[in-house]
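Hello,

Here is the structure I promised to pass on to you. Please open it and keep it in view while you read the rest of this email.

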Amino acid sequence: MKAIIYTKFGGPQELRLAEVEKPSPQNNEVLIKNHAVSINDWDFGLLYGDFINRIMNGPRKPRRQILGSDIAGVIEAVGKNVTKFKPGDEVYGDLSGRWGGFAEYTCAPERSLEFKPAGMSFEQAASIPQAAMLAVQGLIDKGNIKSGQKILINGAGGGVGTFGVQIAKQYDVQVTGVDSTVKLDMMRSVGFDHVIDYTKEDFTNNGKRYDLILDAKTNRPMQHYARALNDNGAYVTVGGSMSRLLQALILSPWISMRSKKKFRIVNLKPNKDLAYMNQLFESGKIKPVIDGYYKLDDFAEAFSLYSKAEHKGKIVLNI
Ligand SMILES: NC(=O)c1ccc[n+]([C@@H]2O[C@H](COP(=O)([O-])OP(=O)(O)OC[C@H]3O[C@@H](n4cnc5c(N)ncnc54)[C@H](OP(=O)(O)O)[C@@H]3O)[C@@H](O)[C@H]2O)c1
């Protein structure tokens, strides 16, 4: 089968299209014919082989050579202990930890998958898992979002932000998004009430305050976020700069002790809320924002777009 593989850490230039052996499922696994896969920030961490990702997929060279976690496809075969799915079922999910999505076929345990609603395209399905789970778990589980609040999403034009605003709008809230100039029109069209261009304005220094900040970038000192929060406000980060995340871990208890402001970090629970996303999608409340589609053969262009952060919403590859 065709797959995009890498055999050395180092960045997108290490990726190449190759012929590899088609996998076969273990007893508790299904074999999926992939129809679409989306690119995530985590794929880049694994490509470059930073410290944490070498612990997971290293240390010297990548153990798993096919990246790609968010897939959508059709089940072709099932292992003998599989009970939830049968051949022909249309499924999607986040395979992070084992990856293998940038390929024509993947094997996955059944717990990593959810049924794809009939009205959802494979491309829409592949855009959802990681970004939407981070948004749901950040806004609802950690952020405890409530109607009447003022919300801000930093890094709002990517996957987490474009799902985040639509999930937040299930509540009666005002949502502000922060990103670069080229993404602001798209952000307004997807539901942001206000947008801030970070190249022109610093939202932590303009006197405005929010009840909940969801951060996909984490590129500022924690004290700056604290001053953009209302007295009982909460700051929730899903990821970003490693040094800032460490700072969040160390300083947050101290800031929380001196004020009522809360600082929290999302530890992704893959696929936990896919059934909720199916409900939102089927009732017309969520529309994924997709940049692309790209063909598997055009992977270099797609990865280049992501690495320049020029994408809007999610980049999806057709297989
Ligand atoms: N917590 C966990 O367990 C877990 C698991 C997986 C992934 N993650 C993390 O989750 C995040 C994924 O977010 P995502 O999918 O939304 O990423 P994304 O699609 O890359 O979106 C991030 C957005 O931030 C914008 N941005 C860049 N610099 C900015 C700045 N200075 N201020 C505001 N916005 C800025 C980017 O565009 P421009 O550069 O054009 O502005 C882009 O639109 C990553 O941080 C990843 O590491 C966490």
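Predicted model: local features only at pLDDT ≥ 70, side-chain atom pairs only at ≥ 80, totals over all residues.

Take helix 4, residues 129-142, and helix 5, residues 159-168: their axes are 8 Å apart, and the angle between them is about 50 degrees. Helix 4 is therefore oblique to helix 5. The crossing of helix 4 past helix 5 is right-handed. On the helix 4 side, the contact is made by Ala131, Ala132, Leu134, Ala135, Val136, Leu139 and Ile140. Helix 5 brings Gly159, Val160, Phe163, Gly164, Ile167 and Ala168 to this contact. Sorted by class, the contact between helix 4 and helix 5 has eleven nonpolar residues, two polar ones and no charged ones.

Helix 4 also meets helix 9, residues 274-282; here the axes come within 10 Å and cross at roughly 95 degrees. So helix 4 is roughly perpendicular to helix 9. Which residues make this contact of helix 4 and helix 9? From helix 4 they are Pro129, Ala132, Met133, Val136 and Ile140, and from helix 9 they are Leu274, Tyr276 and Met277. The contact of helix 4 with helix 9 has eight nonpolar residues, with no polar and no charged ones.

The next pair is helix 1, residues 41-48, and helix 10, residues 299-307, whose axes come within 11 Å and cross at roughly 100 degrees. Helix 1 is therefore roughly perpendicular to helix 10. Asp41, Phe44 and Leu47 of helix 1 meet Phe303, Tyr306 and Ser307 of helix 10. By class, four residues in the contact of helix 1 with helix 10 are nonpolar, one is polar and one is charged.

**Around the ligand**

There are 26 residues around the ligand, and those that come nearest are Asp41, Asp179, Tyr198, Asn219 and Val266. You have already seen Asp41, in the contact of helix 1 with helix 10. A backbone N or O atom of Val266 lies 2.7 Å from a nitrogen atom of the ligand. For Val238, a backbone N or O atom is 2.8 Å from a ligand nitrogen atom. Gly155 has a backbone N or O atom 3.4 Å from a nitrogen atom of the ligand.

**Backbone details**

Another reminder first: most residues other than glycine have a negative phi, and most peptide bonds are trans.

Where in the chain is Pro59? Pro59 sits in the loop between helix 2 (51-57) and strand 4 (70-78). The peptide bond that joins Gly58 and Pro59 is cis, with omega about 5 degrees. Another cis peptide bond joins Gly292 and Tyr293, with omega about 10 degrees. Tyr293 belongs to strand 14, residues 290-295. Finally, look at Trp99: its phi is positive, about 50 degrees, although Trp99 is not a glycine. You will find Trp99 in the loop between strand 5 (90-94) and strand 6 (105-109).

Enjoy exploring it, and write back with any questions.

Best wishes

Methods. Residues numbered from 1 in each chain as written. Heavy atoms only, no water. Axes fitted to C-alpha atoms, helices over the stretch in contact; angles between N-to-C directions. Helix = DSSP H or I, 4+ residues; strand = E, 2+ residues; numbered from the N terminus. Parallel < 35°, antiparallel > 145°, perpendicular 65-115°, else oblique. Left-handed = near helix turned anticlockwise from the far one by under 90°. Contact = heavy atoms within 4.5 Å. Nonpolar A, V, L, I, M, F, W, Y, C, P; charged D, E, K, R; others polar. Near = heavy atom within 4 Å. Polar contact = N/O pair within 3.5 Å; in protein donor to acceptor, adjacent residues only side chain to side chain.
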